[in-house]
Amino acid sequence: MPVITCVEDLRQLAQKRVPKAFYDYADSGAYTESTYRSNSSDLAAIKLRQRVAINVEQRSTRTNLLGQEVSMPVIIAPTGLAGMQWANGEILGALAAEKFGIPFTLSTMSICSIEDVAAATRAPFWFQLYVMRDRGFIRALIQRAKAAGCSALVLTLDLQILGQRHKDLKNGMSVPPKLTLANILDIGSKPAWALRALAGRKTFGNLAGHVTGGSDIVSLSQWTAQQFDPTLSWDDVAWIKQEWGGKLILKGILDVEDARLAVATGADAIVVSNHGGRQLDGAMSSIQALPAIAEAVGDQIEVWFDGGIRSGQDILKACALGAKANMIGRAFLYGLGAMGEAGVSQMLSILQRELDVSMALTGKQTIRDIGPDILVR
C-alpha cells in the first residue's frame with residue numbers, strides 16, 4: 001500500500017484499481033475537456049496571501065449549512081454510477097460522510113437505491129433529482145426520498161441534453177453499454193474489483209422495479225437516455241418545490257441572470273457548477289463564475305460551489321470568493337475507487353487537514369472569517 005498524502009495519490013490508486021471504462025466515466029469531460037481542465041487550472045492560478053504573527057490557536061473548520069452543523073464546508077456531490085467504482089459505493093460514501101459529519105448526496109443514477117442507503121445509515125442524507133419527461137416517475141422519486149427521511153433535495157438543472165464524452169464512447173460506456181474485448185481483458189486484470197462487483201449491486205437502484213419494462217442496466221440506460229427533458233423550465237422547478245416541500249438546492253447555476261431567477265423560486269441554496277465540465281465544453285470554469293454570482297445574490301440565498309476541488313486550499317479559495325459550502329464529486333470517487341469507505345474517509349481527512357493548515361497560514365480561525373482579503377490581488 002503506497003503512502004497516501006493527498007487526493008492525487010488516491011486518484012492514481014483508483015486509476016490502477018478500477019476498470020478503465022468506469023474510471024474514465026468518472027474522470028472525463030465533454031468534447032475537448034477544456035472546461036473540465038479549466039475548473040482545476042483556474043483554481044490553481046489563484047494565490048493565497050500568507051500572514052504571520054496572528055493568533056490562530058482556536059481554529060475550527062466547523063460551519064452551518066441550511067441550519068445543519070457540519071464539520072467542514074464540504075458536501076459529497078451526487079455522482080452517477082458510484083457503485084461501479086467500488087461495490088455498493090453509495091452506501092460506503094454515505095457511511096463515511098455520516099461518520100465525518102458532512103452531508104452526502106445520492107444521485108438519481110446511483111447503483112444503490114434510496115432505500116438501500118437509508119437502511120444502511122442513521123443520519124439523513126440528501127437526494128439529487130433530474131427532471132425527466134415522466135413526471136409521474138419524478139413524483140414517485142420525491143415521495144420515496146421523503147419516506148427515506150432525506151433532509152434536502154438537490155435539483156440538477158444542467159442536464160436537459162446530454163453532453164458527449166468521447167472517452168465513454170471509446171470505452172463502450174454508451175447507451176446501451178457495449179461489452180468489448182478490451183473491457184473484458186481490463187476487468188480480468190483487476191480481480192479484486194471483479195470479485196467485489198459480483199457480490200454488489202449491479203443496476204440503477206432507483207430505477208429498477210420502478211420503470212415499466214426495464215430491469216437490467218442496459219434497458220434502464222436506454223430508458224434514461226430518452227427521459228432527460230429539453231422542455232425543462234422554471235415552472236417545473238416551482239412544481240418540484242411544491243411537491244417536495246422541504247429544503248431545495250438548485251445545482252448547475254453558472255450565470256448571474258439564472259442565479260437571480262433561482263432566488264425568485266424560493267430555493268434555499270444554489271450550486272455554482274458546470275457539471276464538472278461534463279456538459280457545455282467551452283463554458284467558463286465554476287470558480288470564474290462564482291464571484292459575480294455571490295456578489296449578486298449572496299445576501300438572499302446560500303451560494304455553494306462545485307468544480308475542480310482537489311485540496312483544502314481549493315476549498316479555502318472558493319470560500320474566499322463567496323461560497324458558503326463546496327461540493328466534491330471526483331475527489332469522492334477517487335477515494336472510493338482507491339479504497340472503498342476507508343478511501344473516502346481518508347480523502348475527507350486530507351481535505352480537512354489541508355483546510356485547517358491553510359486557514360492558519362492565512363491568519364483565519366473560523367470559516368466565517370474567510371474572505372477575499374486572503375487572496376493575492
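Guide: I253 stands opposite V272, which belongs to strand 8. The model is predicted, with local features needing pLDDT of at least 70 and side-chain atom pairs pLDDT 80 or more, while totals for chains, interfaces and linings use all residues. Residues are numbered from 1 along each chain as its sequence is written, and side-chain values use heavy atoms, without hydrogens or water.

Strand 7 (residues 247–253) and strand 8 (residues 269–272) run parallel and are joined by four bridges; strands are DSSP runs of E with at least two residues, helices runs of H or I with at least four, numbered from the N terminus, and two strands pair if DSSP finds at least two bridges between them. Both belong to an open sheet of eight strands, paired in parallel in the order 3-10-9-8-7-6-5-4. Its edges are strand 3 (74–76) and strand 4 (105–106), each pairing on one side only.

Together with I270 and M347, L290 is among the residues with the most contacts inside the largest nonpolar core, which has 111 residues. Helix 15 (residues 330–361) supplies the largest share of this core, 14 residues. Such a core is a set of buried Ala, Val, Leu, Ile, Met, Phe, Trp, Tyr and Cys residues joined through side-chain atoms within 4.5 Å, buried meaning under 20% relative accessible area (1.4 Å probe, protein chains only).

Notes
Buried < 20%, exposed > 50% of the residue type's maximum accessible area, 1.4 Å probe, protein only.
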